[in-house]
Amino acid sequence: MSRKSLKQQLDGKPQKKPKAHSDKWAFPTMIIVLAVLLVLILAIGGVALARYMRGAKQGVDSLPELSYSEQQSPYSGSYGAAGGTAGAYQVNGAGTAGTETAAGPGGSFQYGTVSGTTYRSAFSGITFTAPSNWKVTGGTQTGQSSSTAVMDLDASNPDGTMSVKMEYFSKNGGQYGSSGELLAALKSSITTSKDNIHLQIGGRNFEGFLFRGKNGGKNAYSEILATEVDGYILVLQIIAPKTSDITTILNMFS
């Protein structure tokens, strides 16, 4: 009998089968992973929904209350509503043409002027020209002022879906020492859509934020911008149905 080669002997020898890997924990582990993912999805979705609902309820013309010496609330009530109603604004010694101390004791504030639908302010250097069918009211016509704040521009389109308001707050005796402090107070209880907006209007640097809410029961956006002018904080609020409308309105400034 011939001797088999080593290779032939090895080839003829049965190979050992590898031990099968136990997968008895694979299914339960997969269930746990899926459950954790589901919880995360629900949690993230819940936060997003809460933010959406909060944003849907906030009114673009009902910003948080700004309390100053008379405890007025210039950003509540019907601020920005159709018809230009005074809402929370209280007639409190409204200024007259030529008055230079309308907002704040010893202040140097000067009212802007309105001709047709064009507003001009020598005090801030800002000009605003609205379409011919808009209603544009100057500070001496609004009757909305106090010892520390004055509305100097109130403009809106015919159906009140778009509006522009400019108000000055005196830092002399007022609650807010800077535009940053005032902006922080305004957005302390609203959900913003965009923060840290920086724009130049009339040669002045404005900063602010954008948020979404309701205006007359309809979806709308409001952009709040602020800057400082000779001891005053100038707040500009633009309300419109779409962000593209706000861009259009911003182009009305120079």
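Reader: Among contacts in the protein between residues at least 6 apart in sequence, what percentage join residues at least 24 apart?

Author: A contact means heavy atoms within 4.5 Å. Here, 54% of those contacts join residues at least 24 apart. Bear in mind that this is a predicted model, where local features need pLDDT of at least 70, side-chain atom pairs count only at pLDDT 80 or more, and totals for chains, interfaces and linings use all residues. Residues are numbered from 1 along each chain as its sequence is written, and side-chain values use heavy atoms, with hydrogens and water left out.

Reader: How many helices and strands does the protein have?

Author: Five helices and 10 strands, taken as DSSP runs numbered from the N terminus (helices H or I, at least four residues; strands E, at least two).

Reader: And what share of the protein counts as buried?

Author: Buried is under 20% relative accessible area, exposed is over 50% and partly exposed lies in between (1.4 Å probe, protein chains only). Of the 254 residues, 43% count as buried.

Reader: Which residues are buried in helix H4?

Author: An α-helix has 3.6 residues a turn, so residues three or four places apart point the same way. In H4 (residues 179–186), the buried ones are Ser179, Leu182, Leu183, Ala185 and Leu186. Looking down the axis of H4, they fall within an arc of 160° (of the directions from axis to C-beta atoms), so they line one face of the helix.

Reader: Which strands do the buried residues of H4 pack against?

Author: Strands S6 (163–170), S8 (204–215), S9 (218–229) and S10 (232–240).
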